[in-house]
Amino acid sequence: ELPKIDDEFAKDVSEFETLAELKNSIKERMQKANEEKAKYEMEDAALKAVSDNVEIDIPSGMIDAEIDNMMKDIEQRLQYQGLTLAQYFTLSGKTEAQVKDEMKEQAEKAVKSRLVIEAIIKAEDIKPEEKEVEEKLKEMAKNYGKTEEEMLKNEYVKEYIENNMKFEKAIKFIVD
């Protein structure tokens, strides 16, 4: 027996007082998710178009390193599910070599895209403004329960944010 969908239901399952508020909240979240998905797809298509038109010899070591990173990512996701890589190989009926071979094309594309973005960053001298970096660090401080000073003094985090912002700006440059 399903519950009646009314204001009482909205109060029971959410922080909202009315069903209309709950519906609006769901609609806004879905709209935002769709906008993010469309933005990502457009960025991905633009980056793919640029990468497809670039000829570059990628050292095999870079591809191998990317495959290793992809394997570590899979291993980490499996651990969250209580599985090991060995169990994954058994369940999928594939060997580690087969899985790595399947990843090769994706790894090549990822490395090529990264190299293209890095070349654009260099050619266009793309870098975030100090104020933008500070704002991002302040936002991170709030999210991680740290003080702004701690985040501003941490050079590793600051460099990480700057690099991410360079990549974001380069992708925006490509899309534009």
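# Briefing on a predicted helical model

Glutamate 132 belongs to helix α6, which covers residues 130–144; helices here are DSSP runs of H or I with at least four residues, numbered from the N terminus. The structure is a predicted model, in which local features need a pLDDT of at least 70 and side-chain atom pairs count only at pLDDT 80 or more, while totals for chains, interfaces and linings use all residues. Residues are numbered from 1 along each chain as its sequence is written, and side-chain values use heavy atoms, with hydrogens and water left out.

**Confidence**

- The chain has an average pLDDT of 92, and 100% of its residues score at least 70; pLDDT is the predictor's confidence in each residue, from 0 to 100.
- Confidence is lowest in helix α7 (residues 148–153), with a mean of 82, and highest in α2, at 95.

**Glutamate 132**

- Glutamate 132 counts as partly exposed because its relative accessibility is 26%; buried means under 20% relative accessible area, exposed over 50%, and partly exposed in between, using a 1.4 Å probe and protein chains only.
- Its side chain reaches the backbone nitrogen of glutamate 129 at 2.7 Å.
- Leaving aside neighbours within four places in sequence, glutamate 132 is in contact with Met165 and Lys169, where contact means heavy atoms within 4.5 Å.
- Glutamate 132 and isoleucine 161 are separated by 29 residues in sequence and by 9.7 Å in space, C-alpha to C-alpha.

**Serine 14**

- Serine 14 lies in the loop between α1 (7–13) and α2 (19–52).
- The side chain of serine 14 reaches the backbone oxygen of alanine 10 at 2.6 Å.
- A polar atom of the serine 14 side chain also lies 3.1 Å from the backbone nitrogen of phenylalanine 16.

**Helix α2**

- The 34 residues of α2 should span 50 Å at 1.5 Å a residue, and its end C-alpha atoms are 49 Å apart, which agrees; the expected span is 1.5 Å times one less than the number of residues.
- Buried residues in α2 are Leu19, Leu22, Ser25, Ala46, Leu47 and Ser51, and what covers them includes α1, α5 and α8 (155–175).
- Serine 51 is buried, with a relative accessible area of 5%.
- Leaving aside neighbours within four places in sequence, serine 51 is in contact with Lys112, Ser113 and Val116.

**Helix α3**

- The buried residues of α3 are Ile63, Glu66, Ile67, Met70, Met71, Ile74 and Leu78.
- Seen down the axis of α3, these buried residues fall within an arc of 140°, so they line one face of the helix; the arc is that of the directions from the helix axis to the C-beta atoms.
- The buried residues of α3 pack against α4 (85–92) and α5 (96–123), whereas Lys72, Gln79 and Tyr80 are exposed on the other side of α3.
- Glycine 82 follows α3 and has a positive phi, near 80°.

**Nonpolar cores**

- The largest nonpolar core has 14 residues, and those with the most contacts inside it are Ile67, Met71, Leu85 and Met103; such a core is a set of buried Ala, Val, Leu, Ile, Met, Phe, Trp, Tyr and Cys residues joined through side-chain atoms within 4.5 Å.
- The elements giving two or more residues to this core are α3, α4 and α5, and its largest share, six residues, comes from α3.
- Apart from this core lies another, of 10 residues, among them Ala46, Val116, Ile117 and Ala170.

Conventions
A polar contact is a pair of N or O atoms within 3.5 Å; within protein, one must be able to donate a hydrogen and the other to accept it, and residues adjacent in sequence count only if both atoms are side-chain atoms.
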